[in-house]
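This report describes a single protein chain from its fold down to individual side-chain contacts. The sequence and the structure come first.

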Amino acid sequence: MYNLYPEIVNMGCWRDAWDRAVTPLEGHHILLMEPNYKTRSYALYKCARVAMDNKLNMFGVENGGQCMGSANAESLYKKHGPATECKGSGEKFRFVFTCL
C-alpha cells in the first residue's frame, strides 16, 4: 500500500531571512499552484506530499502556508538560528519537518 502522508516530525521553529536557508517550492507542483499560499487548505500535508514527490527528506512551512524544501535542507535549515517567538507561522519563522 502506498502511504499518501508519511509520519511528519516537527523539527522546531527556525528563523528565515531574505537570503533563504531553504528554497521555496511554490509553483513547482500541482498542489502548490494557488496564487495565495496563505489561504491554502492543508498546507502542511500538501507540502509533505510535494517533498515526498521530490524525494526530499525535509521540508518547511512558513508564513501561513508557504512550502519550502531542497535536497540539502537538512544541512541548511538552521542557517539563521532558532526562533524564540513562534506563534502560528509568523512572517520570519519557519516550522521545519521531516518525513519518516
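## Overall layout

The model is predicted. The protein contains two helices and four strands, and read from the N terminus these elements follow the order β-α-β-β-α-β. Of the 100 residues in the protein, 44% are buried. The accessible surface comes to about 5,900 Å², with carbon and sulfur atoms supplying 57% of it.

Among contacts in the protein with a separation of 6 or more, 74% are between residues 24 or more positions apart.

Helix α1 spans residues 43–53, and its buried residues are Ala43, Lys46, Cys47, Ala48, Arg49, Val50 and Ala51. In an α-helix there are 3.6 residues a turn, so residues three or four places apart point the same way. Just after α1, Lys55 has a positive phi of about 60 degrees.

The largest nonpolar core has 11 residues: Leu25, Leu32, Cys47, Ala48, Val50, Ala51, Leu56, Phe59, Val61, Cys67 and Phe97. Two or more of these residues come from each of α1 and β2. Helix α1 gives the most to this core, with four residues. A second, separate core has eight residues, among them Val22, Met58, Met68 and Tyr77.

Cys67, a member of the largest core, has contacts beyond its neighbours within four places in sequence with Thr23, Pro24, Leu25, Glu26, Leu32, Arg40, Cys47 and Gly60.

## The aromatic pair

There is one aromatic pair in the structure. Trp14 lies in strand β1 (residues 8–15) and Tyr77 in the loop between α2 (73–76) and β4 (93–99), so the pair ties together parts that are 63 residues apart in sequence. Both Trp14 and Tyr77 are buried, and Tyr77 is also one of the residues of the second core.

## Salt bridges

Side chains of opposite charge can pair when their charged atoms come close. The structure has seven salt bridges. Two of them involve Arg20: one with Asp16, where the closest N and O atoms are 2.5 Å apart, and one with Glu62, where the corresponding distance is 3.2 Å. Glu62 is in strand β2 (residues 58–62) and Arg20 is in the loop between β1 and α1, so this pair ties together parts that are 42 residues apart in sequence.

The accessibility of these three residues can be stated in turn. Asp16 counts as buried because its relative accessibility is 7%. Glu62 is buried too, at 1% relative accessibility. Arg20 has a relative accessible area of 29%, so it is partly exposed.

Glu26 and Arg40 form another salt bridge, at 2.6 Å from N to O. Both residues sit in the loop between β1 and α1, so the pair ties together parts that are 14 residues apart in sequence. Glu26 and Arg40 are both buried. Salt bridges with shared partners link Glu26, Glu34, Arg40 and Lys46 into one network. Lys46 is also one of the buried residues of helix α1, and both Glu26 and Arg40 are among the contacts of Cys67.

## Ser70

Where does Ser70 lie? Its place is in the loop between β3 (66–69) and α2. Ser70 counts as buried because its relative accessibility is 13%, below the 20% cut-off for buried residues.

Leaving out residues up to four places away in sequence, Ser70 touches Val22, Thr23, Leu56 and Met58. The side chains of Ser70 and Asn72 are joined by a polar contact of 2.9 Å. Ser70 and Ala51 are 19 residues apart in sequence, and their C-alpha atoms are 8.4 Å apart in space.

Note on methods: Residues numbered from 1 in each chain as written. Predicted model: local features only at pLDDT ≥ 70, side-chain atom pairs only at ≥ 80, totals over all residues. Heavy atoms only, no water. Buried < 20%, exposed > 50% of the residue type's maximum accessible area, 1.4 Å probe, protein only. Phe/Tyr/Trp six-rings, centres within 6.5 Å; stacked < 30°, edge-to-face > 60°. Salt bridge = Lys/Arg side-chain N within 4 Å of Asp/Glu carboxyl O. Contact = heavy atoms within 4.5 Å. Areas by Shrake-Rupley, 256 points an atom, 1.4 Å probe, with all protein chains shown as cover. Core = buried A, V, L, I, M, F, W, Y, C linked by side-chain atoms within 4.5 Å. Polar contact = N/O pair within 3.5 Å; in protein donor to acceptor, adjacent residues only side chain to side chain.
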